[in-house]
Amino acid sequence: MARQEILERIRSVVSESATIDIDLGAVSEDTTIADLGFDSLAVLDLLFDLEQEFGIQITAEEIQRIVTVGELITFLQQRMDGSTADAGRSD
Amino acid sequence: MPGDRTKAGLAEAGQAEAGRAEAGLAGVGQVKAGQVEDGSAKKRPFLRRVLRFKPARRFLLRRVIPPIGLALIRSLGWSWRYRVLHRERLDELQATKRPTVAGFFHGRTFPLLGFMSGRGNGRWMVMCSKSLDGDAMATIEQRLGFEVIRGSSGTDGLQAIIDMIRRARTDPGLGSCLAVDGSRGPRGEVQGGVIAIAQRTGGVVLPVTAAAKPALVFKRTWDHTMLPLPFARVVVAIGEPVEVPKTLSTEALAQLCKDVERRMELLQEEADDELAGKRSGPAGPVTAAVGRPDPSGDESAVTR
């Protein structure tokens with residue numbers, strides 16, 4: 001799946017899960033998850049909504065490693081491709 | 001959660017050692033760990049030396065302590081005489097199978113373990129530390145009939161919350177039992193875990209607390225752990241279920257935590273007053289000790 005398509009689906013998920021007003025058009029690959037207003041507990045909504053949207057299962061460790069929307073897209077791409085590579089790994 | 005108590009005890013011992021060592025180094029290196037100030041060597045207690053040896057510790061925590069702890073909790077629980085305030089609140093939720101998150105103060109774990117594991121009091125899952133020390137408590141809780149979800153704080157704690165939400169969504173009749181003040185405190189301060197689970201399962205937070213007399217209160221633990229003595233009178237108080245809105249801003253979440261905290265404090269006062277005989281109004285019947293039917297024949301009074 002193309003990155004742009006995943007970004008659009010993430011925008012749609014964020015519009016459902018976000019607890020703050022967000023300009024969805026401004027959500028880019030450089031936007032951080034924290035910028036979207038997902039703190040340690042609110043990130044649960046993002047996690048469950050992403051799972052539902054993309055039909056995958058995400059762990060707390062994986063979601064906490066992801067800092068930016070770009071990293072999230074890479075993670076989702078790899079997960080949907082069945083890759084075991086870890087998108088959030090910083091090293 | 002309960003498993004952390006063992007951990008806390010061991011960690012406390014370790015920290016005390018470390019603290020003494022640091023103090024020694026700070027004090028121009030003259031007093032070292034394991035020595036007293038007059039310079040004579042202080043021998044560590046045998047048990048502590050054994051516990052520092054990881055395989056021995058693992059063996060003790062996985063094989064020795066669980067059956068002893070289980071026997072202790074079961075026999076104590078058997079002797080406690082429970083009185084339940086507002087039992088109908090729990091019964092109503094169970095009848096409707098509404099997802100329920102029972103929130104309690106960490107320090108009241110022991111009397112509530114006995115009550116919540118009782119027959120007729122529902123099916124519950126509890127959170128227990130993933131640490132080696134948590135293994136002992138997890139085994140005990142499983143044997144008492146709880147479904148145990150491992151994790152306590154940080155990423156593990158968040159994963160445990162996720163796992164609890166998933167389980168509650170697939171099995172709404174399975175309630176979640178969680179310390180409102182978390183696994184490390186501050187004591188009595190409600191954290192977001194209980195609300196997070198209730199919010200994402202469409203459930204409610206059910207405040208639950210206990211008071212007991214006579215009981216030991218371990219004031220050196222962060223949560224002031226309370227252990228009712230044999231044949232103690234235990235009052236379990238069940239609060240009004242707290243509805244949690246589907247969406248909550250950060251500020252609203254903080255406010256709701258404060259609200260639940262206040263309700264818990266009032267509930268604790270009610271339980272304490274009942275125990276002291278100061279409370280007026282109806283209370284639940286004095287139940288039989290855990291595991292035996294109530295002499296009155298009232299099925300609802302059978303706690304296990």
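Lys97(B) sits in the loop that runs between helix H4 (87-96) and strand E2 (100-104) of chain B. The model is a predicted one. Lys97(B) is not a glycine, yet its phi is positive, at about 55°. Is this residue buried or exposed? Lys97(B) has 12 C-beta neighbours inside 10 Å, so it counts as exposed.

Phe231(B) also belongs in this part of the account. Its phi is positive too, at about 65°, although Phe231(B) is not a glycine. Its setting is a strand, E7 (residues 225-238) of chain B. Phe231(B) has 12 other C-beta atoms within 10 Å, and it is therefore exposed.

Next come the cis peptide bonds. One joins Gly185(B) to Pro186(B), with omega about 5°. Pro186(B) is placed in the loop between strand E5 (174-179) and H8 of chain B. Another cis peptide bond links Lys213(B) and Pro214(B), and here omega is about -5°. Pro214(B) falls within a strand, E6 (residues 204-218) of chain B.

Now step back to chain B as a whole. It has nine helices and nine strands. The chain holds 304 residues, and buried residues make up 44% of them.

The largest nonpolar core has 91 residues. Which of them touch the most other members? They are Val43(A), Ile161(B), Met164(B), Val180(B), Ile197(B), Val235(B) and Val236(B). This list names residues of chain A and of chain B. Leaving aside residues up to four places away in sequence, Ile161(B) touches Leu44(A), Gly193(B), Ala196(B) and Ile197(B). Leu44(A) in that set belongs to chain A.

That leads to the contact between the chains. Chain B gives 11 residues, and chain A gives 11 residues. Which elements of chain B give two or more residues to the side that touches chain A? They are helix H7 (154-170) and helix H8 (193-201). H7(B) supplies the largest share of that side, five residues. By kind, the residues on the side of chain B that touches chain A divide into six polar, four nonpolar and one charged.

Finally, turn to a pair of helices in chain A. Two packed helices are described by the angle between their axes and the distance between the axes. Helix H1 (residues 3-17) and helix H4 (residues 69-80) of chain A pack at an angle of about 110°. Their axes are 10 Å apart. Angles of 65 to 115 degrees count as roughly perpendicular. H1(A) and H4(A) are therefore roughly perpendicular to each other. Their crossing is right-handed.

Which residues make this contact? From H1(A) come Arg3(A), Ile6(A), Leu7(A) and Ile10(A). From H4(A) come Val69(A), Leu72(A), Ile73(A), Leu76(A) and Gln77(A). Together, the residues of the contact of H1(A) with H4(A) divide into seven nonpolar, one polar and one charged.

Definitions and conventions. Residues are numbered from 1 along each chain as its sequence is written. Chains are lettered from A and ligands numbered from 1 in the order in which they are written. This is a predicted model: local features need pLDDT of at least 70, side-chain atom pairs count only at pLDDT 80 or more; totals for chains, interfaces and linings use all residues. Two residues are in contact if their C-beta atoms, placed from the backbone, lie within 7 Å. Helices (H or I, at least four residues) and strands (E, at least two) are DSSP runs, numbered from the N terminus. Ala, Val, Leu, Ile, Met, Phe, Trp, Tyr, Cys and Pro count as nonpolar, Asp, Glu, Lys and Arg as charged, and the others, Gly among them, as polar. Axes are lines fitted to C-alpha atoms, for helices over the stretch in contact, and angles run from 0 to 180 degrees between N-to-C directions. Angles under 35 degrees count as roughly parallel, over 145 as roughly antiparallel, 65 to 115 as roughly perpendicular and the rest as oblique. A crossing is left-handed if the near helix is turned anticlockwise from the far one by less than a right angle, and right-handed if clockwise. A nonpolar core is a set of buried Ala, Val, Leu, Ile, Met, Phe, Trp, Tyr and Cys residues joined through C-beta atoms within 7 Å. A residue is buried if 20 or more other C-beta atoms lie within 10 Å of its own, exposed if 12 or fewer, and partly exposed in between; C-beta atoms are placed from the backbone.
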